[in-house]
Amino acid sequence: MSDADDVRRRVGAVSDPELRRPLEELGMVRGVEVTDDVARVAIALTIVGCPAATRIEADVRAAAASAPGISRVEIEVGVMSPEERKSLTERLRGGRAAREMPFGPDSLTRVIAVTSGKGGVGKSTVTANLAVALAQRGLSVGLVDADVHGFSIPGLLGLVGPDGLPPSPTRIDDLMLPPVAYDVKTISIGMFLRRSTDGPLGAVAWRGPLLHRTVQQFLTDVFFGDLDVLLLDMPPGTGDVAISVGQLLPHAEVLVVTTPQSAASDVAIRSALVARQTGQRVIGVVENMAAMTLPDGSTLDLFGAGGGAEVAERLSTPEEHVPLLASIPLSTTLRADGDAGTPVVAASAADPAALAVRALAERVATMPRGLSGRSLTVRPR
């Protein structure tokens, strides 16, 4: 027969699906009583209308019922008080002040901005699939859709509800919890826009200050937790957002996406040069829409050849070699999976494009990262 402490340990170990932390650590277990074979559990949700409420209650019920001798579980669901929420947000920030940058120079999170010189090269598709491939390797991954005017990340990751709209982030006071897809914590301006009647999703017509503020809020007000990698899907070109990210994250690394054709590769170089002007380091080039193998074994260079290698060569300097990290072949499966909201690395793992993206993820994950000059969060005994 289980006692209340045993049941509480089991319930307390249940993870909040949004915060990805145990309920006991979050202060969401208010009380547990056991009488004969009945367990009575009181929990407190973070907010009224918590979107994860049904799942949390089901997981708590299953955890309590797993205790020996428990045949019935009664659950009382409440909501945290303003004081409890304030205490929770302070713990989640880990001592940081509200709206303080968590990804500063001393952060151990690797920040990678994925850029391109022009649109239409598949940058967002590469970013979404790279994020999922990194998560498949067991890394904790966050993704910021910084392409405010041309956001597409929610659709590529299947973050779309029955109404065709991306889910809104859950708010705990001034903290936002990013929706999660394929174990990637994601934030996008598309999650804050709504349709008017039956029309299309609203458009963003913002200039510099508003764009800067949006990117800043994504980086400071969204609770990603402890991340191994934070990817930013940048807008094409060298405009306001590129400059803002350079100011906010001057230590970020940059991954340049291009196609094989020279028209795209010439423009791609410019985005990397602007990143370097802000102090960011270019870690490599990804060539997308490269030659595809046809059923008869021949290859089709629809967009030419050699553009990725040319960009890497022209960006390399005597002090810093920039490698061509991946050449992703043109793939109808990659396109179809993206339209369906199922990344090719998850839905069609054997596709040549998926294999190329996973190889890219391996190279990025194992690439050495300089920590010189950064304070590590360890103290000598």
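Predicted model: local features only at pLDDT ≥ 70, side-chain atom pairs only at ≥ 80, totals over all residues.
Phe192 is partly exposed, with a relative accessible area of 33%.

Is Phe218 buried or exposed? At a relative accessible area of 3%, Phe218 is buried; the cut-off for that word is under 20%.

Show both side chains together. The structure holds two aromatic pairs, and Phe192 with Phe218 makes a stacked one: the centres are 6.3 Å apart and the planes stand at 25° to each other. The pair counts as stacked because its angle of 25° falls under the cut-off of 30 degrees.

**Next stop: Arg171**

Keep Phe192 on screen and select Arg171, which touches it.

Arg171 and Glu320 are 43 Å apart in space, C-alpha to C-alpha, and 149 residues apart in sequence.

**Another arginine: Arg93**

Move on to helix H4 (residues 82–93), where you will find Arg93. This arginine counts as buried, at 11% relative accessibility. Display Ala98, Asp174 and Leu175 too: Arg93 is in contact with these residues, leaving aside its neighbours within four places in sequence.

**Last stop: a sheet and its helix**

Switch to a cartoon view and pick out strands S1, S2 and S3. These three strands form an open sheet in the order S1-S2-S3, with mixed pairing. Which strands are at the edges? They are strand S1 (29–35) and strand S3 (72–79), each of which pairs on one side only. Look along the sheet to see its twist, which averages 15° from one strand to the next.

Then select helix H1 (residues 4–12), which packs on the sheet and touches S1 and S2. The direction of helix H1 makes about 140° with that of S1.

To finish, zoom in on S1 and strand S2 (residues 38–45). The two run antiparallel and are joined by six bridges. Select Val32, and opposite it you will find Val41 in S2.

How values were computed:
Residues numbered from 1 in each chain as written. Heavy atoms only, no water. Phe/Tyr/Trp six-rings, centres within 6.5 Å; stacked < 30°, edge-to-face > 60°. Buried < 20%, exposed > 50% of the residue type's maximum accessible area, 1.4 Å probe, protein only. Contact = heavy atoms within 4.5 Å. Pairing = 2+ DSSP bridges. Helix = DSSP H or I, 4+ residues; strand = E, 2+ residues; numbered from the N terminus. Axes fitted to C-alpha atoms, helices over the stretch in contact; angles between N-to-C directions.
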